[in-house]
Amino acid sequence: ALALVFVAVVPPGLAVAPAAAPPSARGAELYRLGRYYWNLRTPAGLAKSAQLFAAVVASDPRNPLGYAGQADADLMTADYQRGHVKPAPFFARARAEIGTALALDRDSAAAHTSLAMLRFAADHDPRGSEAEFRRAIALDPAYAVAHHWYGTTLLQRGRLSDASRELH
């Protein structure tokens, strides 16, 4: 029998990020509550979700979900409160939160979904956005936020059949 052994070789001076920590029971519960309030899509709901996602970060600072949640709250606030707030600070904060989430776990579907929406809304980069949505969906085909946001961006771009598929 032939056994194959793969060894990862890291060049000198290149840092390897530690594996992202799984969420604690408390962090997972805070995250679920944060998503509940985030899904209300009201100013009060988004503000409450931002507080809950900050609590996830405080509870589980090595898990990417809290940072991705914070980014999503900032992205939605920038969108839903347009005309009442300047979106640039929310986009900047989301960019930093996404960076932290991806540094913790480069394969986080939630972080790639947030990055996809940031690229669409702030960077006006539909091709880059689509690549990130596809990556997020490949990483976690059951992540509903990725399908929802991807579908809405496709709809905005006039790709109705593709949008319908994602939204269903």
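1. W149 is buried, at a relative accessible area of 2%, where buried means under 20%, exposed over 50% and partly exposed in between (1.4 Å probe, protein chains only). W38 counts as buried too, with 1% relative accessibility. A word on the source: this is a predicted model, in which local features need pLDDT of at least 70 and side-chain atom pairs count only at pLDDT 80 or more, while totals for chains, interfaces and linings use all residues. Residues are numbered from 1 along each chain as its sequence is written, and side-chain values use heavy atoms, with hydrogens and water left out.

2. The structure has four aromatic pairs (Phe, Tyr or Trp rings, the six-membered one for Trp, with centres within 6.5 Å; planes under 30 degrees apart are stacked, over 60 edge-to-face, the rest tilted). Among them, Y31 and F53 make a tilted pair, 5.7 Å centre to centre with 50° between the planes. Y31 sits in helix α1 (residues 25-40) and F53 in helix α2 (residues 43-59), 22 residues apart; helices here are DSSP runs of H or I, at least four residues, numbered from the N terminus. Both Y31 and F53 are buried.

3. W38 and W149 pair edge-to-face, with 5.5 Å between centres and 65° between planes. W38 belongs to helix α1 and W149 to helix α7 (residues 144-156), so this pair ties together parts 111 residues apart in sequence.

4. Do look at helix α3 (residues 64-80) as well: 14 of its 17 residues are buried.

Methods:
Helix = DSSP H or I, 4+ residues; strand = E, 2+ residues; numbered from the N terminus.
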